[in-house]
Amino acid sequence: MELSRRNFLKSGVAAATAMAVGIPISRVASAAAAETEQDWRWDKGVCRFCGVGCGIMIATQDGKIVATKGDPDAPVNRGLNCVKGYFNGKILYGKDRLTQPLMRMTDGRFDKKGKFTPVTWDQAFDEMAIQFKKAYEEKGPTGIGVIGSGQWLIQEGYAMTKLMKAGFRSNNIDPNARNCMASAVAAFMQVFGIDEPPGNYDDIEYTDTVVAWGANMAEAHPVLWQRVIDRRLGHSDMKIVNITTLRNMTSEGSDLEIIIKPNTDMALLNYLAREIIQRDAVNQAFVDAHCVFCAGPTDIGYGMRATDKFAFEAEKDIQAREVEVTLTRDEAIGIGLDPEQVHTIKQANAATADRHWLVGFEDFKAGVAPYTLDFVAELAKGDSEESLDAFKAKLVRLADLYADPKRKLVSFWTMGFNQHVRGTWVNEQIYSVHLLLGKIAEPGNSPFSLTGQPSACGTAREVGTFSHRLPADMVVNIAKHRDITEQTWKLPPKTLNPKPGSHITKIMRDLEDGSMSWVWVQVNNPFQHVANANHWLKAARENDNFIVVSDAYPSISAKVADLILPVAMIFEKWGGYGNAERRTQLWREQVPPPGEARSDLWQILEFSKRITLAEVWKEQPIPGLKDEGFEEGKLPDVMAAAQEMGYTPEMTLYEALFETPENKAFAWPDPVAKGHDNHTVKHLGVDWFVEKALFEEYAAFGRGHHHDLAPFDVYYQDDVRGLRWPVIDGKETPWRFNAKYDPYVKNGEIEFYGGAMKELVTGNLNGPTTEEKTKFPGKAKIFFRPYAAPVESPDGNYDLWLCTGRLLEHWHTGTMTRRVPELHRAMPAAVLDMNEKDAEARGLKRQDTVWIESRRGKIKAVIETTGRNRPPRGYSFMAFFDESVFVNKLCIDATCPISKEEDFKKTAIKIYKV
Amino acid sequence: MNLSGILVVVPPAQVEDATLALNALPGVEVHHAEPATGRIVVVQEAETVDEEVAALSRIKALPGVMLAEMVYHVFDEILPEWDAIPAEMAAS
């Protein structure tokens, strides 16, 4: 490149950067920026990566992305980007981008043991349909499944949900978001009766305190972390607390670092609740007016299989705890039992873990009574080199911050809470603390669940792509919700299946035990990200299963697939995401996808053309179905009723579900496109605007039902940077449940109006004592949940904790960020961060290559003792981005029994030199 | 070749020192500084993504740096290489 052009370009980059973040620059400099950009087309977009939802601007020229920048008008990031933002323009152009369908074949025919061979789209869909029909005819709707994503576009998740639930009558659809924030979802539903946070990111600028619980924000959510740090610079009273199991980047910016043992967050939260009561800091007026108290069973297991039939020999001792467990001394104390006696408990409520009932304040008070400073400090102290007195002083300081009535406080959490064998409980406990104090639903006071994926909220949760959900917080096992959905979708009554399907871990187990044999994976990499991977890799390759993977790159999941479908990536298609603060953001297609790659939406619609109503709307077997109004184990034939509605048996699912007269009314081309293309519409060969039609069809579920989205076109206005739902009369809702900001509040200043589970029986901590149900509309629940030990802890053999998580430069399984080869060389392999003294004690030193072994497998990795994560003794950490190290081969597939989210944070390992 | 515009924030009193230190890094040029707020705009030039990310880490490690994040990126002369079947897939 010529020197002068480069210098010129640099001046332009500098000026554009300064303008993006609001630094005044000279007229000459701004002219340089304008000239650099003169031939580019700029448009707004959303970052492809985490759940923060930063706005970015994208410049294209000649069908390529030539530049990206933080969007100065985006309220989330205000011009700033983190390093992941940089990858938005890069990920489209990896060297090994998949550009045509690939199928395992031998001699021109599909062969499970064959080699990947390029095929046409028709060949791909034809084989996919043959295999689908084989599994579906043999096993019925439960024999097929879809693993979807919190990175699905809103329209993609909606189309697949409709195809699966209305078309195939199968609830075996579950997103990878299950393993990201299902615990947060379960707690939102149980506590508030409606999903997603009351507050938003603006709470940062109103608060005096930020407490990060199991959230390494500096590394995982750097743009929000920057807003936290900025707040401290401008607000002298601001305090930041990092509650963590190891020293990390977030500790650097914190005033108080509290290092705890795994699972003791639960004890710590009960200590806080106890202190709030002891100090007379309960906001009594708030609690009386807006809260009830609740408890639930404790014998709920760990979400594992109750049989060890499929377990490796070494796994069997832990697996047995799914049936029966002996309480630890601390667990006994925590539920008020005599610690000197042995307490063996049958896991009687494993299948009914979400059951709960009303209790009184005195019951709650008695529940938290054992959680004294002495008990909790001894139990929770995570760094053996810290003195007990120093640790106690920190806990008292933390209680001071929470209990101070004048201090506004935001609690942030992510995977430390969510990926937890008691993930739902610990989410509920943080709400209990905030509710006792009345520190909620107003600027600066906010318990806030951060999310890891860009549309975990917008798609997985709001659209309802979980195995038990329907759009707008509805669920399949409530008849009224099915009725509403059947009416909206114009389905014959009893088309929808009332029995919740398999969650993501269960889909893997189903593939292993043969109850499912056809799976379609979209926008995620489950064979890398689901724990205990050795089982599932074998099930994919050795069993008679047909695995379809839609992917942009050869991920591990693509490699174990039978058929790979190449996909269009983020800015190669029209779409929308919803971030963690309820902000819905939509963008236009910016550049064409390469080669034969096509959007996931196009793939869903094309596949739906290959299945007719006669094949799916006949009588279907559903093992275990026992719902009222249904014959046991069966879905009825609804074809006769369908014909009365004008459907015919020969009609395809595409015609019945997608190309409806209502949808065809949305014409393409549309002025909102402003000259941008739409490859999905083009390749479908239609003249209706698929993405707009599906968005509007979906939005109808939420409008008037607490989930109002704005009209499609509004999100594309130049002055709109996403809107936080509910959007009512064109206005977004920054704080929910608060009459000042939320038009849905009809009674009083605060109303927790979510409608789910607001009628319960009453009892005490041991169980219900009445059968009569009490209604408590408008109230939130304060749960008592006791401390529970992890299902697996280090012992004499597996003598070290292993926690997994993510790093700034890579994201999740690294399918996209690892694509850039130079970056891969820079951090070629995930390392095992461990304490130097633990290494020494094993005769190891930094940079040694070691075997890491758990009950489930072993992997090789390099150890690091001076990295940016500094574990205390007895604890180690590894990122999960790296498929060559593949840490999920080690992790236990135990889940929270309520949310079914896996606990990737607590596996016992041993290490030894290679 | 990649060009990034990076926002660096230091305490206002350290703007001068930080400017010197930033300019001494390979491929880094300070273009704008705002002494009142401690905000500095630098342009990072790097041949590869690896160098670019490493350079950002070096900037973050400088004394006094409270924030260094990429704001603007220009991807110059991208050569898409998506037409070949990847060797690892073809061979499997």
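User: Leaving aside its neighbours within four places in sequence, which residues is A:Asn888 in contact with?

Analyst: A contact is read from heavy atoms within 4.5 Å, and by that reading A:Asn888 meets A:Gln528, A:His529, A:Val530, A:Ala531, A:Asn532, A:Ala533, A:Phe880 and A:Phe904, once its neighbours within four places in sequence are set aside. Please keep in mind that this is a predicted model, in which local features need pLDDT of at least 70 and side-chain atom pairs count only at pLDDT 80 or more, while totals for chains, interfaces and linings use all residues. Residues are numbered from 1 along each chain as its sequence is written, chains are lettered from A and ligands numbered from 1 in the order in which they are written, and side-chain values use heavy atoms, with hydrogens and water left out.

User: Where is the place of A:Asn888 in chain A, and is A:Asn888 buried or exposed?

Analyst: Helices (DSSP H or I, at least four residues) and strands (E, at least two) are numbered from the N terminus, and A:Asn888 sits in the loop between β35 (875-879) and β36 (907-913) of chain A. Burial is judged by relative accessible area with a 1.4 Å probe on protein chains only, where under 20% is buried, over 50% is exposed and anything in between is partly exposed; A:Asn888 counts as buried because its relative accessibility is 2%.

User: Which backbone oxygen atoms lie 2.8 Å and 3.2 Å from a polar atom of the side chain of A:Asn888?

Analyst: A polar contact is a pair of N or O atoms within 3.5 Å, where within protein one must be able to donate a hydrogen and the other to accept it, and residues adjacent in sequence count only if both atoms are side-chain atoms. The backbone oxygen of A:Gln528 is at 2.8 Å from a polar side-chain atom of A:Asn888, and the backbone oxygen of A:His529 is at 3.2 Å from such an atom.

User: What does A:Ser899 touch, not counting residues up to four places away in sequence?

Analyst: A:Ser899 also belongs to the loop between β35 and β36 of chain A and is buried, with a relative accessible area of 2%. Beyond four places in sequence, its contacts are with A:Arg178, A:Ala182, A:Ser183, A:Ala186 and A:Thr424.

User: How many residues has the largest nonpolar core?

Analyst: In soluble globular proteins, nonpolar side chains tend to be buried together. A nonpolar core is a set of buried Ala, Val, Leu, Ile, Met, Phe, Trp, Tyr and Cys residues joined through side-chain atoms within 4.5 Å; here the largest has 94 residues, and those with the most contacts inside it are A:Phe192, A:Trp213, A:Leu398, A:Tyr402 and A:Leu435. Helix α6 (residues 178-192) of chain A contributes the most to this core, with 10 residues. Another core lies apart from it, with 82 residues, among them A:Trp489, A:Leu601, A:Ile604 and A:Leu694.

User: Which residues does a cis peptide bond with omega of about 5° join?

Analyst: That bond joins A:Trp668 and A:Pro669, with A:Pro669 in the loop between α30 (661-664) and α31 (679-684) of chain A. The bond from A:Trp725 to A:Pro726 is cis as well, with omega near -5°. In backbone angles, A:Asp473 has a positive phi of about 70° although it is not a glycine, and A:Asp473 is buried at 11% relative accessible area.
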